[in-house]
Amino acid sequence: MNSKAKHWDKIFSSTEDRLLGWYEKDPSQLLKLLDLSFDWKDSLVFLPGIGTSNIIEELLSRGTRLILNDISQKVLDKIEERIGEKRTKVSLCCQDIALPLPDTIPKVDLWIDRAVLHFLTEEKDIVGYFRNLRSIVKKGGFTLFAQFSLKGASECAGLDITRYSVEGLTERLGIHFQLVTQFHYTHITPNGDPRPYVYVLYKRLSRKTQPTLIAFGSTGYAD
Ligand SMILES: C[S@@+](CC[C@H](N)C(=O)[O-])C[C@H]1O[C@@H](n2cnc3c(N)ncnc32)[C@H](O)[C@@H]1O
């Protein structure tokens, strides 16, 4: 087991979920944009670094199938125990998301990353992450990020962070992903500390569609 996996296994073995800095009882911030127009039923969603997020049950209740990734086997064991009979709707993938995903992973309708990409600080890892994303998000599919914003903390879980702006994410994705919308949201940790995030939704263009801007504006959630 590599040292990153050990680090995360230790965190998830030693701390109750509801005391983790990124814990959200209600993950609806992530879903409210998609709930407006995304057809959840029978969609396939990939979530890198899922942790023990409550988004799993929210998504399953909307009729999705999920591929849940995490570097920590401890995380995936906890999830397996938690979801019970819903296990048939879920595939688990334990690996570093910066490394190439197995060829057996199918194309997905949606990639949702809250608080994972920002832990990648080496260029080769960031490049590997986006290569994975591009290899499995379908044309016409969506990508949703919630990452520490430029006003965000510079470390989390004892690790350095890469902070993101909308422009930074857009540049990393490349021209075949079109910005749909974005907003800023400040998460409050269980200790009461503010953690400013940037939320950004993109659509992957089909080959025939020309890259043009659909919408660009804040929905009013100020840091
Ligand atoms: C801050 S937690 C966020 C968890 C979850 N996404 C949420 O919003 O509650 C970061 C998660 O990413 C996982 N992680 C960290 N680095 C990773 C990597 N390189 N590949 C895959 N998972 C990783 C950790 O084990 C942890 O579950």
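Predicted model: local features only at pLDDT ≥ 70, side-chain atom pairs only at ≥ 80, totals over all residues.
I started with the lining of the largest pocket and sorted its residues by class: 18 are nonpolar, 8 polar and 10 charged.

Next I looked up the volume of the largest pocket, which comes to about 710 Å³. I found 36 residues lining that pocket, and Trp8, Gly49, Ala115, Val116 and Phe119 lie nearest its centre. For the elements behind the lining, I noted H1, E2, strand E4 (108-114) and strand E7 (159-160), each supplying at least two residues.

Then, where does the ligand sit? I found it in the largest pocket. Two elements give two or more residues to the shell around the ligand: helix H1 (3-14) and strand E2 (65-70). I went through the 18 residues around the ligand, and Gly49, Asp70, Asp96, Ile97 and Arg114 come nearest. By class, I have 10 nonpolar, 5 polar and 3 charged residues in that shell.

An N or O atom in the side chain of Asp96 is 2.8 Å from a nitrogen atom of the ligand. For Ile97, a backbone N or O atom lies 2.9 Å from a ligand nitrogen atom. Ile71 also has a backbone N or O atom 3.2 Å from a nitrogen atom of the ligand. I then looked up the ligand's surface: taken alone it exposes 590 Å², and the protein buries 97% of that.

Last entry, the second largest pocket. I read off about 180 Å³ of space there. It is lined by 15 residues, with Gly21, Trp22, Cys156, Thr189 and Arg195 closest to its centre. Strand E6 (155-156) and strand E9 (194-204) are the elements that give two or more residues to this lining.

How values were computed
Residues numbered from 1 in each chain as written. Heavy atoms only, no water. Near = heavy atom within 4 Å. Polar contact = N/O pair within 3.5 Å; in protein donor to acceptor, adjacent residues only side chain to side chain. Areas by Shrake-Rupley, 256 points an atom, 1.4 Å probe, with all protein chains shown as cover. 1 Å grid on protein atoms, 1.4 Å probe; cavity = no way out; pocket = protein on both sides within 12 Å on 5 of 7 lines; lining within 4 Å. Sits in = over half its atoms within 2 Å of the grid points. Helix = DSSP H or I, 4+ residues; strand = E, 2+ residues; numbered from the N terminus. Nonpolar A, V, L, I, M, F, W, Y, C, P; charged D, E, K, R; others polar. Points joined across faces, edges and corners; volume = space filled by probe spheres on them.
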